[in-house]
Amino acid sequence: MVAFDAVATDYPTNGMLYNQQEDSSLTYSCKLQPGQQRLRCEFLQKAADLEKKLDEARKN
């Protein structure tokens with residue numbers, strides 16, 4: 001367990017991560033919940049060749 005104190009502006013707001021091996025990216029957007037010390041984040045993963053990967057997954 002990790003514990004730390006952070007100032008209200010010290011939290012991740014949005015960004016993107018990229019995985020070269022899987023040729024995909026993950027974007028995120030986070031908001032600090034009003035009156036709480038919690039973040040609410042949304043994540044979206046994009047694959048470069050999504051249709052091809054879905055077809056392969058369906059075959060397997």
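## The sheet

In this predicted model, three strands form an open sheet in the order β1-β2-β3, with antiparallel pairing. Strands are DSSP runs of E with at least two residues, helices are runs of H or I with at least four residues, and both are numbered from the N terminus. Two strands pair if DSSP finds at least two bridges between them.

The edge strands, β1 (14–19) and β3 (39–47), each pair on one side only. From one strand to the next, the twist averages 20°; the axes are lines fitted to C-alpha atoms, and angles run from 0 to 180 degrees between N-to-C directions. Nine bridges join β2 and β3 in the antiparallel sense.

## Residue S24

S24 lies in strand β2 and stands opposite A47 in β3. Its relative accessible area is 7%, so S24 counts as buried (under 20%; exposed is over 50% and partly exposed in between, with a 1.4 Å probe and protein chains only).

Leaving aside residues up to four places away in sequence, S24 touches L17, Y18, N19, Q45, K46 and A47. Contact here means heavy atoms within 4.5 Å.

## Confidence and conventions

The protein averages a pLDDT of 79, and 85% of the residues score at least 70; pLDDT is the predictor's confidence in each residue, from 0 to 100. Confidence is lowest in helix α1 (residues 50–59), at a mean of 82, and highest in strand β2 (residues 24–32), at 89.

Residues are numbered from 1 along each chain as its sequence is written, and side-chain values use heavy atoms, leaving out hydrogens and water. Local features need pLDDT of at least 70 and side-chain atom pairs count only at pLDDT 80 or more, whereas totals for chains, interfaces and linings use all residues.
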